[in-house]
Amino acid sequence: MYRNTPDPSTERTETHPAEHPVATGASAPIDASVKSRFEEIAPAQPHDVAILRRKLAHWLGELPLDAHSKFNITLAAYEAMANAAAHAYPGETGWTRLYADWAGDTITVSVSDTGCGIDPGRQPAPTSGGRGLPLIDEVTDRMVVGTGAHGTTVTMVWRPAALRQNTAA
């Protein structure tokens with residue numbers, strides 16, 4: 001597991017079975033050092049969430065995924081993190097947590113903050129665009145938003161074709 005923490009006792013080294021599909025859909029051994037989980041916590045600031053996006057893209061690059069799936073996962077996660085940076089902590093600084101898990105034929109990504117939550121009656125500001133959550137919904141197989149006075153978590157799920165092909169065999 002990737003973690004942005006100085007405490008080595010929190011590091012996990014979970015790996016997958018030896019056979020996984022490559023981007024072409026064929027089964028091939030995968031490097032045992034590939035971690036099944038990714039987790040980072042960073043300030044909910046535009047520069048910091050851009051760094052998290054790059055780290056997530058690097059982790060995804062180690063998985064047997066096609067380029068389209070990697071792009072969609074990175075795009076959706078970044079949109080959720082950008083929303084946290086823009087809306088979760090008005091006038092304050094806070095944190096965002098990015099967690100990703102690869103289990104079998106499924107990639108799950110969660111972006112969490114401990115900010116003010118999403119007001120159900122809130123209308124997007126004219127300058128904010130208001131297209132982040134609809135975009136995330138469009139590029140995921142499933143999206144769930146949990147929100148309240150103590151923060152928001154956007155959970156996104158994908159079942160990429162390359163991973164589904166391997167489990168059907």
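In the predicted model, five strands are arranged as an open sheet with antiparallel pairing, in the order β3-β4-β5-β7-β6. The edge positions are taken by β3 (37-43) and β6 (142-148); each has a single partner strand, so one side of each lacks a neighbour in the sheet. On average, neighbouring strands of this sheet are turned by 10° against each other when direction is ignored. Strands of a sheet pair through backbone hydrogen bonds, in either a parallel or an antiparallel sense. For β3 and β4 (residues 95-103), the antiparallel pairing extends over seven bridges. Ala42 has Thr96, in β4, as its bridge partner.

Two helices lie across strands of the sheet. Helix α2 (residues 67-88) lies across β4, β5 (106-113) and β7 (151-158), and its direction makes an angle of about 10° with β5. Helix α3 (residues 132-139) lies across β6 and β7 and runs at about 145° to β6.

The largest nonpolar core comprises 26 residues, and those with the most contacts inside it are Leu56, Trp59, Leu98, Ile107, Val109 and Met156. At least two residues of this core are supplied by each of β3, α1 (46-61), α2, β4, β5, α3 and β7.

With neighbours within four places in sequence left aside, Met156 is in contact with Ala76, Ala77 and Ala80, with Ile107, Thr108, Val109 and Val111, and with Ile136, Thr140 and Arg142. Among these contacts, Ile107 and Val109 also belong, together with Met156, to the residues with the most contacts inside the core.

Methods: Residues are numbered from 1 along each chain as its sequence is written. This is a predicted model: local features need pLDDT of at least 70, side-chain atom pairs count only at pLDDT 80 or more; totals for chains, interfaces and linings use all residues. Side-chain values use heavy atoms; hydrogens and water are left out. Two strands pair if DSSP finds at least two bridges between them. Helices (H or I, at least four residues) and strands (E, at least two) are DSSP runs, numbered from the N terminus. Axes are lines fitted to C-alpha atoms, for helices over the stretch in contact, and angles run from 0 to 180 degrees between N-to-C directions. Contact means heavy atoms within 4.5 Å. A nonpolar core is a set of buried Ala, Val, Leu, Ile, Met, Phe, Trp, Tyr and Cys residues joined through side-chain atoms within 4.5 Å. Buried means under 20% relative accessible area, exposed over 50%, partly exposed in between (1.4 Å probe, protein chains only).
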